[in-house]
Amino acid sequence: MLRVAAVLWVGVVGSGLVRAQTPPVAELPATATHPARPAPPTRDPHTAGYVTATELPDGEVPAVTVDGNFILGPTHTPAKEMTDGSLQGSLIEFTMSSADSKIYPGIVRDPGTFGVADPNDPATLVVTTSHPAPYTRKVTVYVPKQYVAGTVAPFIVGADGPDKMLFAALDGLIAEHKVPAMIAISIGNGGGDAQGSERGLEYDTMSGKYAEFVEKEVLPRVEAEAHVKLTKDPDGRATTGGSSGGSCALIMAWYHPEWYHRVLTYSGTYVNQQWPHNAETPHGAWGFHETLIPKSAKKPIRLWMEVGDRDLFNPNAMRDGMHDWVVANEDMAKVLAAKGYHYQFVFAKNAGHVDRAVRAQTLPEALEYLWQGYPVRDSR
């Protein structure tokens with residue numbers, strides 16, 4: 001059985017925490033049922049401490065060529081690419097099994113259980129009901145009709161597949177010659193959610209492991225099953241996702257910028273969600289805006305990010321000050337700007353977590369922004 005011990009923090013030296021001896025596991029509180037989630041407050045994008053942003057007329061989205069921070073009005077009408085009907089491209093689906101994975105053999109958290117915050121350190125969640133278990137996952141591959149057999153294509157990897165909205169947006173944009181004719185690889189997660197689950201392990205771990213899983217185990221299957229060739233050029237590779245799938249998208253590029261240069265996230269979980277605890281990144285993806293981006297050399301990554309005014313706020317047992325999705329994404333915009341990254345950040349009014357209406361409104365623009373600078377070949 002997988003188990004995480006609590007860690008006791010006893011003081012602060014400079015900007016770092018001083019770590020004391022780990023108490024015995026027997027002293028830890030028992031794993032609890034999932035607590036009720038408090039209703040997220042509606043945040044004002046003009047709140048003190050939030051980034052300065054351009055407020056757009058209701059119904060408009062930012063220009064695809066402009067970096068910076070933007071506020072969307074409360075009306076979220078779908079972009080025309082999202083309403084054009086059936087796909088012109090084709091979809092190929094296959095199944096992957098944990099039995100065939102050398103990287104993710106599989107875990108599961110017992111139903112009805114979650115975890116408890118260490119009373120000595122609310123930033124550490126104790127999970128005692130996670131254990132090895134098998135899984136299967138679906139992988140869905142979108143191949144545009146413009147793809148020429150035998151040629152090497154750019155691609156985008158997405159979490160929590162299948163993502164029908166991604167396929168629809170690309171299908172329309174490629175036909176309009178607004179983005180390159182790319183392959184979309186939409187990967188199902190390994191199951192569950194948050195700490196102690198396979199999905200949480202895959203998406204919230206601050207390491208290159210998930211990108212390595214995709215590179216070594218998923219992409220070869222994609223090429224074989226869909227009969228395509230995928231580029232090795234990191235400028236022709238993108239990642240995308242929502243919530244923990246969004247933080248995963250950035251984690252992939254951050255730890256392997258030699259593989260990915262473009263990242264698109266909705267309601268990115270840039271919060272303290274990592275499990276098991278890792279002393280090198282003790283605050284999980286909250287560390288992106290807390291330390292990693294500010295203290296690291298600028299990486300060749302281009303980002304598009306969104307958050308909703310009613311996005312998540314303290315959705316679990318931890319009250320560590322690092323579980324506000326709006327603050328996390330606002331702080332991401334701050335540090336990206338300070339480092340000189342090419343990024344576009346959208347604060348959406350009248351929007352919840354990974355809001356479907358906002359995605360339908362903004363996804364085509366987001367993809368166009370993401371792929372700026374990459375050649376679009378006219379296949380007419």
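Begin by selecting H177, which lies in the loop between helix 1 and strand 13 (183-187); helices (H or I, at least four residues) and strands (E, at least two) are DSSP runs, numbered from the N terminus. The model is predicted, so local features need pLDDT of at least 70 and side-chain atom pairs count only at pLDDT 80 or more, while totals for chains, interfaces and linings use all residues. Residues are numbered from 1 along each chain as its sequence is written, and side-chain values use heavy atoms, with hydrogens and water left out.

**First stop: H177 and the whole chain**

Although H177 is not a glycine, its phi is positive, about 60°. H177 counts as partly exposed, at 23% relative accessibility; buried means under 20% relative accessible area, exposed over 50%, and partly exposed in between (1.4 Å probe, protein chains only).

Now display the entire chain. It contains 7 helices and 18 strands, and 57% of its 380 residues count as buried. Among the contacts with a separation of 6 or more, 79% are between residues 24 or more positions apart; contact means heavy atoms within 4.5 Å.

**Second stop: helix 1 and helix 7**

Select residues 164-175 for helix 1 and residues 356-370 for helix 7. The two helices pack at an angle of about 40°, with their axes 10 Å apart. Axes are lines fitted to C-alpha atoms, for helices over the stretch in contact, and angles run from 0 to 180 degrees between N-to-C directions. That angle makes helix 1 oblique to helix 7; angles under 35 degrees count as roughly parallel, over 145 as roughly antiparallel, 65 to 115 as roughly perpendicular and the rest as oblique.

Which residues make the contact? Helix 1 contributes M165, L166, A169, L170 and L173, and helix 7 contributes R356, R359, A360, L363, P364, L367 and E368. These residues divide into 9 nonpolar, no polar and 3 charged. Here Ala, Val, Leu, Ile, Met, Phe, Trp, Tyr, Cys and Pro count as nonpolar, Asp, Glu, Lys and Arg as charged, and the others, Gly among them, as polar.

Next, centre the view on A169 in helix 1. Is A169 buried or exposed? At 0% relative accessibility, A169 counts as buried. Leaving aside neighbours within four places in sequence, A169 is in contact with E81, M82, L363, P364 and L367. The C-alpha atoms of A169 and T83 are separated by 9.2 Å, and these two residues are 86 residues apart along the chain.

Select Y266 in strand 16 (residues 262-266). Y266 is buried, with a relative accessible area of 1%. Not counting residues up to four places away in sequence, Y266 touches several residues, including G241, W304, V358, R359 and L363.

Move to S267, in the loop between strand 16 and helix 5. S267 is not a glycine, yet has a positive phi of about 50°. S267 counts as buried, at 0% relative accessibility. P276 is also placed in the loop between strand 16 and helix 5. A cis peptide bond joins W275 and P276, with omega about -5°.

Select helix 4 (residues 244-255) and helix 5 (residues 287-295), which pack at an angle of about 15° with axes 14 Å apart. Helix 4 and helix 5 are therefore roughly parallel to each other. On the helix 4 side, S247, L250, I251, W254 and Y255 meet F288, L292 and I293 of helix 5. By class, this contact has 7 nonpolar, 1 polar and no charged residues.

**Last stop: the nonpolar cores**

Finally, select I183, I185, V214 and F288, which touch the most other members of the largest nonpolar core, a set of 74 residues. A nonpolar core is a set of buried Ala, Val, Leu, Ile, Met, Phe, Trp, Tyr and Cys residues joined through side-chain atoms within 4.5 Å. The largest share of this core, 8 residues, comes from helix 3 (residues 209-226). A second, separate core of 34 residues includes F70, Y142, W371 and Y374.
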